[in-house]
Amino acid sequence: MPLYDGRVRRYHLGPTNEHGVITQTVSLPQSHMADRSVITSELSGSNGQVCMQTRFAIPHGWLLISDIDDSIKITLTSEAAGILRTTFVTDPEPILGMPELYEFIDRELDPTWMYLSASPYNLYTFLRSFLHSFYPPGTLLLRQATWKDLREFVRSYNTGTRTYKMQQIDKIHSWLPARRVICVGDSTQSDPEVYAEMYKKHEGWIKAIFIRKVTDIPHMAKKNSSLRFQKAFAGVPHGIWRIFEHPSELYESIARLSFELPTVRS
């Protein structure tokens, strides 16, 4: 791993878990890494063929936690055929207007980006390429699970996603507890309930929650009902959360956030 002063430090990583994923904390020497700076490390002996990027975030500033499927990428999560078609058959497509909105947020708030999905790590390369094509660079967090057939793959999108996402957001909070957070999700799964619970659990951390009401998928009437949203966000101030159908509805809200001063905690 290259360091800020030109030196190179070697680290031993591994072994992987049963899913082929390494989860490991590496301590770096004290340095003056700028917010959002990136360093590229490579596997010793690979001649640059195996490498990774590390993105640094300072303790303070904005942080955007974004869902992927049907929030910023067309996936048709509620339909098995839709999941398979948008993953294995057609080229991945962004939600209309979301790349432009995220570009605006990046310019106005200069946040650290976290993309949180319940998709399995098997799709890392696929989703990473999609994000690099349409959205600001950031950390991609996927579920450490594998699947043996298409039935298991489809089931993975709708099984245990609420618990998984809450655990991941708890982890993000442990990394960056002083950041001001914006959460973006959609109505197909449990994003409203997850973000509301995290808002109440980590007091003062989440400053805005934006939920895309998905209307281009059948059988969404119950999930898109006002009753569902009112119940999910019970106890969360109405000024914190907003339901939208088109990204253009959010520009004014983002502009207001850009003038918000950070809260000083005693």
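1. To start with a definition: the expected span of a helix is 1.5 Å times one less than its number of residues. Helices here are DSSP runs of H or I with at least four residues, and strands are E runs of at least two, both numbered from the N terminus. Helix 2 (residues 98-109) has 12 residues and reaches 16 Å from its first C-alpha to its last, close to the expected 16 Å.

2. A word on the source: this is a predicted model, in which local features need pLDDT of at least 70 and side-chain atom pairs count only at pLDDT 80 or more, while totals for chains, interfaces and linings use all residues. Residues are numbered from 1 along each chain as its sequence is written, and side-chain values use heavy atoms, with hydrogens and water left out.

3. For the overall picture, the chain has eight helices and eight strands. Buried residues (under 20% relative accessible area, with exposed over 50% and partly exposed in between; 1.4 Å probe, protein chains only) make up 44% of the 266 residues. Taking contacts as heavy atoms within 4.5 Å, residues 24 or more positions apart account for 70% of those with a separation of 6 or more.

4. Back to helix 2, where the buried residues are M98, P99, L101, Y102, F104, I105 and L109. Their packing partners include strand 3 (62-66), strand 4 (112-120), helix 3 (124-134) and helix 8 (251-257).

5. Among the buried residues are D191, E193, Y195 and Y199. The buried residues of helix 6 pack against strand 3, helix 5 (161-175), strand 6, strand 7 (206-212) and helix 7 (226-232).

6. Strand 7 is mostly covered, with seven of its seven residues buried. Strands count as paired if DSSP finds at least two bridges between them; strand 6 and strand 7 run parallel and are joined by six. In this pairing, G185 stands opposite I211 of strand 7.

7. Finally, the surface. L13, I22, V26, L28 and M52 make a nonpolar patch of about 360 Å², with areas from the Shrake-Rupley method and a 1.4 Å probe. Patch residues have over 30% relative accessible area and no salt bridge, and nonpolar side chains are joined within 5 Å; a salt bridge is a Lys or Arg side-chain nitrogen within 4 Å of an Asp or Glu carboxyl oxygen. I22 lies in the segment before strand 1 (38-42) and is partly exposed, at 39% relative accessible area.

Conventions
Patch = residues over 30% accessible without salt bridge, like charges linked within 9 Å, V, L, I, M, F, W, Y side chains within 5 Å.
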